[in-house]
Amino acid sequence: MYVLGVDIGTSSSKGVLVAPDGTVRRSAAREHTVDRPGPGRFEMDGRHWWREFAELARELARDVTVGAVGVSGMGPCVLLADAGDEPVRPAILYGVDTRATAQIDRLERELGKDEIRRRGGSDLSSQAAGAKIAWIADEEPGRYARARRLYMPSSWLVRRLTGAYVLDHHSASQCTPLYDVGGLGWHRPWADAVAPGIELPPLRWPGEQAGTVTAGAARETGLPAGIPVTTGTIDAWAEALSVGAHGAGDLMLMYGTTMFLVHTTAEHLTWPGLWGTVGAVPGTYNLAGGMATSGAITTWLSDLSGAGYEELLAEAGESGAGANGLLMLPYFAGERTPVMDPRARGVIAGLTLSHTRGDLYRAALEATGFAVRHNVETIRAAGGDVRRAVAVGGGTQGALWTQIVSDITGLPQEVRVTSIGASYGSALLAAGLVGEAGADAWNPVSHVVTPRPESSAAYDELYRLYLRLYPSTASLAHELADRQHR
């Protein structure tokens with residue numbers, strides 16, 4: 001019997017129909033755009049998520065029997081809905097949306113910055129869903145007065161499919177400061193103060209069954225009524241599950257529009273500049289990091305130059321390590337970890353008239369590698385023990401990007417046979433195969449990318465320059481950010 005996995009992403013919703021042996025029999029996607037109503041603001045109409053899910057389900061499940069459904073989505077997002085489950089406003093997206101700076105400052109003063117990190121696992125940042133709820137309460141009190149429930153993409157789909165109002169523990173742990181990581185539950189005093197009037201959802205683990213498909217949802221989606229639906233989680237954690245990177249010592253590197261890193265630990269660790277969260281599997285914790293842009297920069301360069309990715313990759317390969325003396329800061333939409341600076345901006349240093357678009361593209365790929373190394377070194381400083389790295393996402397399809405990251409970080413990276421990502425991880429959850437051998441049985445290792453010593457030595461020197469570039473340009477970048485209107 002088949003399982004269906006669907007993920008609601010930043011630029012598209014993707015679905016896969018997976019056979020019992022893990023083979024992807026069908027896949028489909030629906031592209032969408034993100035609304036940007038102002039500087040640092042990223043939103044989506046949450047009703048689109050359900051419409052796209054229903055379209056994908058009908059396309060993928062035609063003429064076959066689906067036995068279970070798994071869901072995931074970008075996050076942490078804030079979709080507030082009224083008592084009738086109508087959204088009171090568009091959903092505010094995850095860390096790319098930087099609007100809640102005043103609320104972050106206020107909550108740190110009221111609750112204490114160190115106490116927030118101790119209890120919630122993370123400093124307040126643009127990633128914190130709780131601060132965005134506070135923004136709506138402060139800036140849009142009329143809308144907030146109607147709000148009764150909190151959803152993210154995965155929990156919104158679960159609600160529409162099953163009628164269940166639930167959220168997974170991992171997603172909740174990114175609702176800082178509403179969740180107590182040590183206590184594995186909502187911290188009621190802070191939740192009542194930051195999100196008054198919101199009925200916070202009961203919590204379950206991503207692989208637990210949230211409910212079954214209702215008759216009404218069956219009519220809209222074409223799925224059989226009564227089949228189980230898992231609780232689901234945030235996309236990056238579903239991606240980690242898809243490649244088996246959820247054991248202590250594992251590090252998942254997600255190559256996509258943004259770059260995400262998830263390191264799994266057996267104990268709860270906290271550190272300034274990282275997100276300390278609950279893991280997707282009971283009994284685990286994470287130190288996580290994320291770049292605001294990575295693949296988004298390569299898309300930007302492709303759009304500017306009019307060249308396709310294969311052509312640019314070939315030219316970047318000819319450029320060679322160091323991009324002929326170019327060095328880039330990849331902070332084109334601010335930066336998340338470890339600098340936590342929404343007003344940071346991209347920098348391209350060393351440009352001359354002799355540089356080519358291949359050099360620029362190479363510098364963008366290397367900038368990702370330097371940012372990954374910066375995050376990995378911060379994870380180790382926090383007490384993390386990175387013993388295995390697993391790569392996933394669309395960026396693993398070309399060999400150059402992963403090779404550059406291994407050369408810069410010194411980390412070998414496993415690449416699995418299937419790198420579709422979160423939708424595949426959601427299907428694995430639906431199949432009940434998250435465990436020691438689940439991903440190995442479905443998705444074995446294809447190959448390992450190993451660092452090249454000759455390139456690593458050159459990158460060690462450039463990395464030291466990279467670490468100097470942000471402190472040297474930050475004040476200027478902030479002044480320029482204040483002049484920007486989109």
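Modeller: Residues are numbered from 1 along each chain as its sequence is written. Because the model is predicted, local features need pLDDT of at least 70 and side-chain atom pairs pLDDT 80 or more, while totals for chains, interfaces and linings use all residues; side-chain values use heavy atoms, without hydrogens and water.

Biologist: Which strands pair with strand 23?

Modeller: Strands are DSSP runs of E of at least two residues, and helices runs of H or I of at least four, numbered from the N terminus. Two strands pair if DSSP finds at least two bridges between them. Here, strand 22 (residues 388-392) runs parallel to strand 23 with 3 bridges, and Val390 stands opposite Glu414. Strand 24 (residues 445-449) is antiparallel to strand 23, with 4 bridges; Arg416 stands opposite Val445.

Biologist: Are the faces of strand 23 buried or exposed?

Modeller: Buried means under 20% relative accessible area, exposed over 50%, and partly exposed in between (1.4 Å probe, protein chains only). In strand 23 (residues 413-416), Gln413 and Val415 on one side and Glu414 and Arg416 on the other are all buried.

Biologist: Why is the pair of Trp237 and Phe260 edge-to-face?

Modeller: Rings of Phe, Tyr and Trp (its six-membered ring) pair if their centres lie within 6.5 Å; planes under 30 degrees apart count as stacked, over 60 as edge-to-face and the rest as tilted. The count comes to 14 aromatic pairs. The centres of Trp237 and Phe260 are 5.3 Å apart and their planes lie at 70°, so the pair is edge-to-face. Trp237 belongs to helix 10 (residues 235-242) and Phe260 to strand 17 (residues 259-265), 23 residues apart.
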